[in-house]
Amino acid sequence: MGNHKKATIDFLKNYRMDHSDVDFDRDLDCFLDEMKRGLADDAGSLEMIPTFIETINAIPVDRRVIVADAGGTNFRVATVYFDKKKHPVIEDMKKFPMPAIEREFTSKEFFEAMADYFRHVIDAADEIGFCFSYPMEIMPNRDGRVIRFSKEIKTPEVVGQLVGENLNAAFERLGIGGSKHVVLLNDTVATLLAGVGYHNRDFSSYVGFILGTGTNCCYVEDNANVRSGGDFTGQRQIINTESGGMNKAHWGKIDQLYDASTNNPGVQIFEKMISGAYLGPLFLCVLKQASADGLFSDQTAAALDSMTDLTTRDMSDFMLYPYGDNRLAAVLRDCPDDTERLYVLADHIIERAAKLSAINLSAMAIKSECGTDPTRPICIVADGTTFYQMKTLKSRVEFYLKQHLEDQRGIYTDIISIDHAPVIGAAIAGLTN
Ligand code: BGC
């Protein structure tokens with residue numbers, strides 16, 4: 001190993017930030033323990049939210065449903081129907097900004113802003129499948145009560161409120177339309193359902209995985225193991241684990257420094273190590289510490305020190321084009337040794353995100369108790385820009401899954417991607433619930 005590389009890895013290890021500092025088996029056990037605690041209603045860090053949704057594949061054809069997808073940045077509204085071949089047909093798609101990102105909204109403002117986005121489709125159907133990418137407790141009537149917001153959404157009054165009920169009330173206030181049957185579901189759940197609806201393959205179970213601005217996983221659990229299973233008549237239902245909240249797995253020293261600097265310290269600990277809203281800012285903390293510890297030339301250290309922000313996109317651009325036209329490459333222009341060091345740092349932080357993601361996915365697969373027959377693997381329906389666009393992330397997740405899940409435990413998985421998965425899954429939920 002070259003000297004630059006060794007010094008860089010030694011620096012990371014000193015702060016327990018290297019991927020080799022993550023103990024796969026230990027963290028996997030932590031995940032499985034926390035999943036069991038959450039299912040039993042214990043106060044663990046995984047919420048394990050029952051969804052009352054099964055993975056059935058009986059989608060009504062030629063019936064239109066209104067669909068909304070509220071993500072970290074955008075709010076999409078569309079109509080969807082499934083044609084005779086059960087292919088989804090997405091129409092009337094419009095994209096709006098997610099409310100309450102730029103400034104704080106009252107509850108009334110928040111629901112009216114959302115209601116307003118439905119004007120062009122409001123008469124298309126009586127049902128709305130609503131993919132809402134934030135933790136919610138799902139009610140037996142499929143409405144969802146907001147538990148908290150992540151991803152910088154500022155509308156504290158909405159916490160504890162029912163989304164469907166309030167949306168209907170806002171439709172009325174705005175004079176837009178009558179009362180709709182609103183089916184709320186998390187984006188991981190919608191993504192999982194899109195996989196069930198779309199693929200004509202034999203899978204023994206499904207996992208929904210998002211690694212975008214935020215991260216989360218859902219999987220299918222035996223209803224007998226679910227705390228409020230009595231309200232549900234099916235055999236197995238999808239559980240939204242809210243895995244971004246995991247706080248018992250690996251946590252490096254710079255993760256802790258970074259967490260203390262965020263506006264919600266102590267919350268979404270796992271998400272802050274792997275997802276798009278945080279990877280760039282976390283990496284900037286790593287770079288500043290590396291500068292302070294003398295890993296870079298004085299010139300580079302001074303330039304890094306004066307940087308006040310770094311996005312995951314900046315990190316990704318640098319990894320693809322270390323000598324290209326991007327913010328990090330500009331800082332390093334005159335010092336190729338520093339370029340190599342910075343690249344190795346970024347690469348190891350990304351590999352760590354991949355290893356942690358694979359641990360998360362392995363826990364879902366093991367808890368599903370399926371996938372031991374290679375002809376019927378567990379289908380992981382994955383969505384999110386960080387997962388697909390960050391250099392090497394996806395291939396390394398697959399590498400760790402092969403090593404630890406397939407080779408060591410004999411559990412087989414297949415990762416699939418479906419265009420517009422949250423919209424398609426929300427349509428299935430709206431049509432079948
Ligand atoms: C939210 C989850 C969501 C995930 C992916 C997290 O911040 O808590 O509910 O599924 O982001 O969008």
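Ring pairs join Phe75, Phe96, Phe110, Phe111, Tyr117, Phe118, Phe130, Phe132, Tyr134, Phe149 and Phe171 into a cluster. The structure as a whole, which is a predicted model, holds 20 aromatic pairs.

**Ligand site**

The ligand sits in the largest pocket. Around the ligand are 14 residues, of which Ser150, Lys151, Asp187, Glu242 and Glu271 come nearest. By class, this shell divides into 3 nonpolar, 7 polar and 4 charged residues.

Side chains of Asp187, Asn216 and Glu271 each place a polar atom close enough to an oxygen atom of the ligand for a polar contact, for which the cut-off is 3.5 Å. The distances are listed below.

| Residue | Side-chain atom | Ligand atom | Distance |
|---|---|---|---|
| Asp187 | polar (N or O) | oxygen | 2.5 Å |
| Asn216 | N or O | oxygen | 3.1 Å |
| Glu271 | N or O | oxygen | 2.7 Å |

On its own, the ligand has 310 Å² of accessible area, and the protein covers 98% of this area. Asp187 and Glu271, listed in the table, are also among the residues that come nearest to the ligand.

**Cavity**

The structure holds 1 cavity of 30 Å³ or more. The volume of the largest cavity is about 50 Å³. Its lining is made up of Ile49, Thr51, Met136, Ile138, Leu185, Asn186, Val189 and Asn240. Of these lining residues, 5 are nonpolar and 3 are polar, and none is charged. The shell around the ligand, by contrast, includes 4 charged residues.

Definitions and conventions:
Residues are numbered from 1 along each chain as its sequence is written. This is a predicted model: local features need pLDDT of at least 70, side-chain atom pairs count only at pLDDT 80 or more; totals for chains, interfaces and linings use all residues. Side-chain values use heavy atoms; hydrogens and water are left out. On a 1 Å grid over the protein atoms alone, a cavity is a set of points where a 1.4 Å probe fits but cannot get out, and a pocket is an open set with protein on both sides within 12 Å along at least five of seven lines; lining residues have an atom within 4 Å of a point. Grid points are joined across faces, edges and corners, and a volume is the space filled by probe spheres set on the points. Ala, Val, Leu, Ile, Met, Phe, Trp, Tyr, Cys and Pro count as nonpolar, Asp, Glu, Lys and Arg as charged, and the others, Gly among them, as polar. A residue is near a molecule or strand if one of its heavy atoms lies within 4 Å of it. A polar contact is a pair of N or O atoms within 3.5 Å; within protein, one must be able to donate a hydrogen and the other to accept it, and residues adjacent in sequence count only if both atoms are side-chain atoms. Accessible areas come from the Shrake-Rupley method with a 1.4 Å probe; for residues, only the protein chains shown count as cover. A molecule sits in a cavity or pocket if more than half of its atoms lie within 2 Å of its grid points. Rings of Phe, Tyr and Trp (its six-membered ring) pair if their centres lie within 6.5 Å; planes under 30 degrees apart count as stacked, over 60 as edge-to-face and the rest as tilted.
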